[in-house]
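Hi,

Here is the model I said I would pass on.

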Amino acid sequence: EKVAFEIKTIPDGYNGGRGYCLRARDWVECQAWVSAINAQVAAVTEVAPVKLTTMWQTRLGNFYRNWHTQGILAAIILLNFVLSIVSAQMNPPKNSELFRIFELMDRIFTGLFTVELLVNMAGNWFFPFWRDAWNIFDFLVVGVSLAAAL
């Protein structure tokens, strides 16, 4: 009789609390897998203590990749897009109060996107960040926005 079991990773670890469902042929094979996994965990824990920088990088990366964080970022991007459309359609005179409000909102969004980029870079540094085309695109967009703000 086949036996299914689940392995949960630690929330702050590399796999961010994910669960993995495994299926063994029987209880004997299941126990063998669990013993082998426990032995590997013990060996890794003894050999490679986690560095403080690695721990914070992992936490930042997990925070950034969390679906709640990604949802909030998507909402901010959408709001920025809508405000850009409204600003372009209204085209307020440069000396008006409305122009200054749109300019302030643009600076706030640029600041938020800069913080988002820095958290992403810190959580995924070095190769994982630069190997992702979206990260490079994000870096260029935020860089151009910062240059335009100066």
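Cys30 is buried, with a relative accessibility of 3% (buried is under 20% relative accessible area, exposed over 50%, partly exposed in between, using a 1.4 Å probe and protein chains only). Cys21, on the other hand, is exposed at 65% relative accessible area. Neither end of that pair is bonded: Cys21 is in no disulfide, and its nearest cysteine sulfur, that of Cys30, is 11 Å away. Cys30 is likewise in no disulfide. The count of disulfides comes to 0, where a disulfide is a pair of cysteine sulfur atoms within 2.5 Å.

**What you are looking at**

This is a predicted model, so local features need pLDDT of at least 70 and side-chain atom pairs count only at pLDDT 80 or more, while totals for chains, interfaces and linings use all residues. Residues are numbered from 1 along each chain as its sequence is written, and side-chain values use heavy atoms, leaving out hydrogens and water. The protein averages a pLDDT of 89, and 93% of the residues score at least 70 (pLDDT is the predictor's confidence in each residue, from 0 to 100). Helices (H or I, at least four residues) and strands (E, at least two) are DSSP runs, numbered from the N terminus.

**Helix H3**

H3 covers residues 67-90, which is 24 residues, and reaches 34 Å from first C-alpha to last, close to the 34 Å expected at 1.5 Å a residue (the expected span is 1.5 Å times one less than the number of residues). What caps its N-terminal end? Asn66 does, with a side-chain oxygen 2.6 Å from the backbone nitrogen of His68. After the helix comes Asn91, whose phi is positive, near 45°.

The buried residues of H3 are Thr69, Leu73, Ile76 and Asn80. An α-helix has 3.6 residues a turn, so residues three or four places apart point the same way. Further along H3, Ile85 is partly exposed at 40% relative accessible area, and Val86 is partly exposed at 32%.

H4 has 27 residues and reaches 39 Å from its first C-alpha to its last, close to the 39 Å expected. Its buried residues include Phe102, Phe109, Phe113 and Leu117.

The largest nonpolar core has 7 residues: Ile76, Phe109, Phe113, Leu117, Met121, Phe129 and Val142. By nonpolar core I mean a set of buried Ala, Val, Leu, Ile, Met, Phe, Trp, Tyr and Cys residues joined through side-chain atoms within 4.5 Å. H4 (residues 97-123) gives the most to this core, with 4 residues. Leaving out residues up to four places away in sequence, Leu117 touches Phe129, Asp138, Phe139 and Val142 (contact means heavy atoms within 4.5 Å).

**The loop at Pro11**

Pro11 lies in the loop between strand E1 (3-8) and strand E2 (19-24), and at 63% relative accessibility Pro11 is exposed. Neighbours within four places aside, Pro11 is in contact with Gly16, Gly17 and Asn62. From Pro11 to Ala88 is 44 Å, C-alpha to C-alpha.

Cheers

Note on methods. A polar contact is a pair of N or O atoms within 3.5 Å; within protein, one must be able to donate a hydrogen and the other to accept it, and residues adjacent in sequence count only if both atoms are side-chain atoms.
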